[in-house]
Amino acid sequence: MTVAPPPASPDLAVGAFTDHGPWIVDPTQLTWRRDIDRLRRRTRAEVPQLMRRRRLPPGRRVLRVGAVLGGALGHWYVGARRTGSTASRADLSRRLRDAFEELGPTYIKLGQIISSGEGIFPAELVGQFKRLRDQVRPETFDDVRRVVETDFGRPLEEVFSWFSREPVAAASIAQVHRATLCTGEPVVVKVQRPSVAALVRRDLAAMSWIAPVLVGRIPVAALANPPALVELFAETIVEELDFRLEAENMLDTARILAETGESQAMVVPRPHPDLVTRRVLVMEELSGFAFDDLAGMQAAGIDTERIVQAGMVAFLEGAMLYGVFHGDLHGGNLLVLPDGRVGLLDHGITGRLDEPRRLAFLRLLLGGTVNDIRLQLGALRDLGALPPDVDLEAVIRDLKLDGPPIDPTKLTPDELLREIRELTKALLAYGARMPKELMLFVKDMLFLDGAIATLAPDVDLFAEVTRVATHFATRHGDRILRDIGIDPRTVEIDLAGIKGSFGVDADTPSLTYRELQARRQVIQRRMESRQRRHR
Ligand SMILES: Nc1ncnc2c1ncn2[C@@H]1O[C@H](COP(=O)(O)OP(=O)(O)OP(=O)(O)O)[C@@H](O)[C@H]1O
Ligand SMILES: [Mg+2]
């Protein structure tokens, strides 16, 4: 007798979840969701207050950061610095990791970004900072119990028949424990660190104080737009500190993945229908391979190139068609399930583009595939990267955007520096700055760059761009036409232009990530030797 597989869970219609979960998600029946829109508005309204610039600089915090980082550097300087470059770098990296961990959530988050910079930052530093993704020092069990009991308003034992004392993972905001509900379902419980809200507030005060000073003193800093960076940090962190908003983000992302037909590529854990509060989030456990466990995935026969390809498409679909994307991609927030699907964890930071910005974003990326400079620049202006009254033709002329592309590996270091200097000067003169809405996106791209490096180094990037563009044209053509009045099915992908933007000739047949990395290294080495000559 053959046993029929159990029928698919009915909630797969409303979200990209695992085939069978511990419960069924019915978005109309979730108790924590009742007042969610008001909660989101109220949370956002808190931001200006958090960023209010104090008259006096937050001296104590600045001193403490200085002391902790200075201590780390000092110990390295008198110790391992002299032991040879590898050992010295390893020692410094370890000390910096300890210092960042000690300084708390803001610095741990910064460390996570650095940990995504494989190939950009030194390997020892990346290796050490990887631990800041999910192996930060946990809180004591007594503190965890206190948070759970305060938020649920009853003893832990009334909710859980079993609760692991040791967390399975601990990151910047929270730690995650495995548990069993009194009703029998296995779950994981994300518990917020008790002091995190206060720590973040204090760091925000320091950052709001320093950001305008940076812009005033270092003109180039204006391009990076530090005040907007602080604002973005404030906005994302206040939302991240309320797990009801995170649970709602989980539902949004799951729904979009289901609607775009990506449930075969990505899944989101199911939040519990009742057990979600500001600081406690009970959800389905996902398990699988760590995102950089290449050997494990290959041994299990998982196609790692497919993971990156599917991830890229799903990410762009969310951003371009819905204006919603996972805003905190790093190795700790992703798992690869044994069936090759990616488990998306930690939806505390979810990027959201309002409708005008989403459309601008769509025009920007479409303009990239057809190499239409005017379309791209107009989109960048609408995203806030350039002032609204900017003269686009003048920008094109001044930045030589309609000239032939430059291959940076064919320039001497001095020529390259001159190009960069001129570009920076022109951008500053036009009042260009990084728009807040693009910052999360760029941070995610840094992660994806590293993900391609580990999971798909031999994929041809030109073929990839063509594949993604074709996917959007065939799958979402009607919708894109409706949105921005351009039919992606009738425009031609400009591969020569795309090759130009990678800095290679139009007749280069293909370019893998490995080759791209080699080109970056050529430039890096030349710049280093120039620096040495000039010392
Ligand atoms: N549903 C889940 N199933 C299995 N493991 C999970 C789940 N949710 C979270 N984890 C693990 O717990 C870790 C911490 O959770 P999470 O990333 O949500 O916390 P965080 O403090 O918000 O992290 P970050 O520092 O990235 O902001 C994750 O990196 C992951 O290893
Ligand atoms: Mg995380």
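Colleague: How do the residues lining the largest cavity divide by class?

Modeller: Ala, Val, Leu, Ile, Met, Phe, Trp, Tyr, Cys and Pro count as nonpolar, Asp, Glu, Lys and Arg as charged, and the others, Gly among them, as polar. Here, the lining of the largest cavity has 18 nonpolar residues, four polar ones and no charged ones. This is a predicted model, in which local features need pLDDT of at least 70 and side-chain atom pairs pLDDT 80 or more, while totals for chains, interfaces and linings use all residues. Residues are numbered from 1 along each chain as written, chains are lettered from A and ligands numbered from 1 in the order written, and side-chain values use heavy atoms, without hydrogens or water.

Colleague: How many cavities are there of 30 Å³ or more?

Modeller: Rolling a probe the size of a water molecule over the atoms shows where empty space is left. A cavity is a set of points on a 1 Å grid over the protein atoms alone where a 1.4 Å probe fits but cannot get out, and its lining residues have an atom within 4 Å of a point. Points are joined across faces, edges and corners, and the volume is the space filled by probe spheres set on them. In this model the count is three. The largest has a volume of about 270 Å³. Its lining comprises 22 residues, with Met266, Gly311, Ala314, Phe315 and Leu344 the closest to its centre.

Colleague: Which element gives the largest share of that lining?

Modeller: Elements are DSSP runs numbered from the N terminus: helices (H or I, at least four residues) and strands (E, at least two). For the largest cavity, α15 leads with seven residues. Elements giving two or more residues include α15 (304–322), β11 (342–344) and α20 (436–455).

Colleague: What lines the second largest cavity?

Modeller: That cavity has a volume of about 120 Å³. Among its lining residues are Glu118, Arg133, Asp292 and Phe447. By class, the lining has three nonpolar, five polar and three charged residues. Here α20 gives the largest share, four residues.

Colleague: And which residues are closest to ligand 1?

Modeller: A residue is near a molecule if one of its heavy atoms lies within 4 Å of it. For ligand 1 that gives 23 residues, with Gln112, Ser172, Lys190, His330 and Gly332 the closest. The shell around ligand 1 divides into 10 nonpolar, five polar and eight charged residues.

How values were computed:
1 Å grid on protein atoms, 1.4 Å probe; cavity = no way out; pocket = protein on both sides within 12 Å on 5 of 7 lines; lining within 4 Å.
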